[in-house]
Amino acid sequence: MASSSPLSPILLSLFLVFICGVSAQTAPAPAPSGPLNFTGILDKNGQYTYFLQLLAQTQVGSQVQTQLKTTTEGFTVFAPTDNAFNNLKPGTVNNLDPQQKVQLVLYHVIPKYYSLNDLQFVSNPVRTQAGQDFGLNVTGLNNQVNVSSGVVETQINNALYQKKPLAIYQADKVLLPEEFFEAKSPAAAPSPATKKSSTGSKSNSRASATADEPASADNSGSAGRNMGLRFVVGLALACMGFLS
């Protein structure tokens, strides 16, 4: 009985390696990931229903999505959770006019990509998409980032997406612009008590003037009668002296 050749296992191994190499070369490459979907990221993570509704109503969502295709600076978005909206006073958002709603949403969008680490070293105020006057103050210390609008402040530590050109961070509070809610001091108006006092003073002045007028007339009449009486008495005395 002939013994098997020692080369057979080696040849078999080489044949298997060759087959595997051919299979690897002919296997299809993994399909490229789809285009970056801004609102899709929020929808996938859940708990952003109200913010997604505002993004749709104001069309800011579609604007950001379109600009992501061409931007060189990127975007940073602070996405308020549903709990953040639920914690607002009733009517805070509904009482805003359409333009203010757009500004509110854009106030949560920074027209530049910032990683969490980058946010610790930004220069304040940080400009937002809402306009030059709508800035945010961002402070960082020991990998902890706080964002303040001047009305509310919230901590940022959860990145929903962080890959240039887009960074999305969870915000546990709605960033309310100070420009919407700052108290405007009205022109000083006289208080009701002051008005009443002023009106009373005018009435008293008119009453005094009216009351003084008859008194002056009475005094004038009395003086005239006194002068006439003295004249009559003097005339009578003169006549009596003449007769005597």
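Predicted model: local features only at pLDDT ≥ 70, side-chain atom pairs only at ≥ 80, totals over all residues.
Biologist: Why is tyrosine 48 called buried?

Modeller: Tyrosine 48 has a relative accessible area of 1%, and buried means under 20%, so tyrosine 48 counts as buried. The residue sits in the loop between H2 and H3. Leaving aside its neighbours within four places in sequence, tyrosine 48 is in contact with Leu42, Ala79, Pro80, Thr81, Asp82, Leu160 and Gln170. Tyrosine 48 and alanine 84 are 36 residues apart in sequence, and their C-alpha atoms are 9.5 Å apart in space.

Biologist: Why is glutamine 47 called partly exposed?

Modeller: The relative accessibility of glutamine 47 is 39%, and the class of partly exposed lies between the buried limit of 20% and the exposed limit of 50%, so glutamine 47 belongs to that class. Glutamine 47 is placed in the loop between helix H2 (38–45) and helix H3 (49–58).

Biologist: How do you know that the buried residues of H2 line one face of the helix?

Modeller: In H2, Phe38, Ile41 and Leu42 are buried. Seen down the axis of H2, the buried residues fall within an arc of 95 degrees, so they line one face of the helix. Asp43 and Lys44 are exposed on the other side of H2. The buried residues of H2 pack against H3, H4, strand S1 (75–80), S7 and S8.

Biologist: Why are H3 and H6 called oblique to each other?

Modeller: The axes of H3 and helix H6 (residues 98–106) cross at roughly 125 degrees and come within 10 Å. Roughly perpendicular covers 65 to 115 degrees and roughly antiparallel begins over 145, so an angle of roughly 125 degrees falls between those classes and the two helices are oblique. Their crossing is left-handed. At this crossing, Phe51, Leu54, Leu55 and Thr58 in H3 meet Lys101, Val102 and Val105 in H6.

Biologist: What makes S2 and S7 the edge strands of their sheet?

Modeller: The open sheet has four strands in the order S2-S1-S8-S7, with mixed pairing. Strand S2 (109–110) and S7 each pair on one side only, and they are the edge strands.

Biologist: How do you know that S1 and S2 count as a pair?

Modeller: Two strands pair if at least two bridges are found between them, and two bridges join S1 to S2, so the two strands meet that requirement. S1 and S2 run antiparallel, and threonine 76 stands opposite isoleucine 110 in S2.

Biologist: Which peptide bonds are cis, and what are their omega values?

Modeller: A cis bond joins asparagine 124 and proline 125, where omega is about -5 degrees, and the bond from lysine 164 to proline 165 is also cis, with omega near 20 degrees. Most peptide bonds are trans. Proline 125 lies in the loop between helix H7 (116–119) and strand S3 (126–128), whereas proline 165 lies in the loop between strand S7 (159–163) and strand S8 (166–171).

Definitions and conventions:
Residues numbered from 1 in each chain as written. Heavy atoms only, no water. Buried < 20%, exposed > 50% of the residue type's maximum accessible area, 1.4 Å probe, protein only. Arc of directions from axis to C-beta. Contact = heavy atoms within 4.5 Å. Axes fitted to C-alpha atoms, helices over the stretch in contact; angles between N-to-C directions. Parallel < 35°, antiparallel > 145°, perpendicular 65-115°, else oblique. Left-handed = near helix turned anticlockwise from the far one by under 90°.
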